[in-house]
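Try each task before reading its solution.

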Amino acid sequence: MLYHNDLDAVVYYQGAAEVSALYYQAFALAQMRLVAEVARRHAAGQPENSLYVISDCDETLLDNSDYNSWLMETGRDYHHSTWSQWCQARKARATPGAVDFCKFVVEHGASLIYVSSRFEADREATADNLRALGFPLVRAGLDPDDTQLFLTNMLLDGQKSRKKQQFAHLLKRFGASPMLLLGDNLSDHEADRYDYKVEASKRKAAADQDARRWGDDWIVFPNPIYGSWRQALK
């Protein structure tokens, strides 16, 4: 096999015990923060139906590194057609600690919202994959006021939407900010300042400005394979 740009990243992601440790650590921290925030909101008299957590799916809850391994083995780079084929195969694995954390969220009376950049055509396959792994997903339909699963270009108010618009819709739907935002890409937490079009130095400066939020209401997971961090390196 010829050397591929993603080789070291995929080997690290799949083979390093440190990656598993980082996932377990992040989910353990998220559980502690969830318990504290539920207690705070109850003390403040906020209604039960305002409690919710937003999590990215891929490389936060779902491990798709076998797809990246296949790209390397076949000498390919990412393409939306092969990515959709992978999603349809329903072969993504759960990241370490992900299923237990998601069950923990539901057990503590909060709604769990899954947000993904997967294509709308892969909704059924994505829901099947999540459920087969044991993730608590009850409502995966198209109604933005009821579904737990938000995908790229899901229609909201007659417009095609991405995560920024979906987060704004969820703020209105629940009448409060999410207790936690989980993701491997910083744009999973704040879309504009961490967009891939923002140069790397400005993204790093923004991360410093947001220092108090990391490990508080924003939980980050390791992904050395792809993401806005890579596209921003111009």
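**Aromatic pairs and a helix contact**

At 4% relative accessibility, Tyr67 counts as buried (under 20% relative accessible area, 1.4 Å probe, protein chains only). The model is predicted: local features need pLDDT of at least 70, side-chain atom pairs count only at pLDDT 80 or more, and totals for chains, interfaces and linings use all residues. Residues are numbered from 1 along each chain as its sequence is written, and side-chain values use heavy atoms, with hydrogens and water left out.

**Exercise 1.** Classify the pair of Tyr67 and Trp83.

*Solution.* Start with the search of the whole structure: it finds 13 aromatic pairs. Rings of Phe, Tyr and Trp (its six-membered ring) pair if their centres lie within 6.5 Å. Planes under 30 degrees apart count as stacked, over 60 as edge-to-face and the rest as tilted. Tyr67 and Trp83 have ring centres 5.3 Å apart and planes at 65°, so this pair is edge-to-face. Next, place the residues: Tyr67 is in helix 3 (residues 65–73) and Trp83 in helix 4 (residues 80–89), 16 residues apart. Helices here are DSSP runs (H or I, at least four residues), numbered from the N terminus. Trp83 has 9% relative accessibility, so Trp83 is buried. Trp83 also pairs with Tyr78; that pair is tilted, at 6.4 Å centre to centre and 50° between the planes.

**Exercise 2.** How are helix 2 and helix 5 oriented?

*Solution.* Take the angle: helix 2 (residues 17–43) and helix 5 (residues 98–107) pack at about 5°, with axes 10 Å apart. Axes are lines fitted to C-alpha atoms over the stretch in contact, and angles run from 0 to 180 degrees between N-to-C directions. The two helices are therefore roughly parallel (angles under 35 degrees).

Terms used:
Buried < 20%, exposed > 50% of the residue type's maximum accessible area, 1.4 Å probe, protein only. Parallel < 35°, antiparallel > 145°, perpendicular 65-115°, else oblique.
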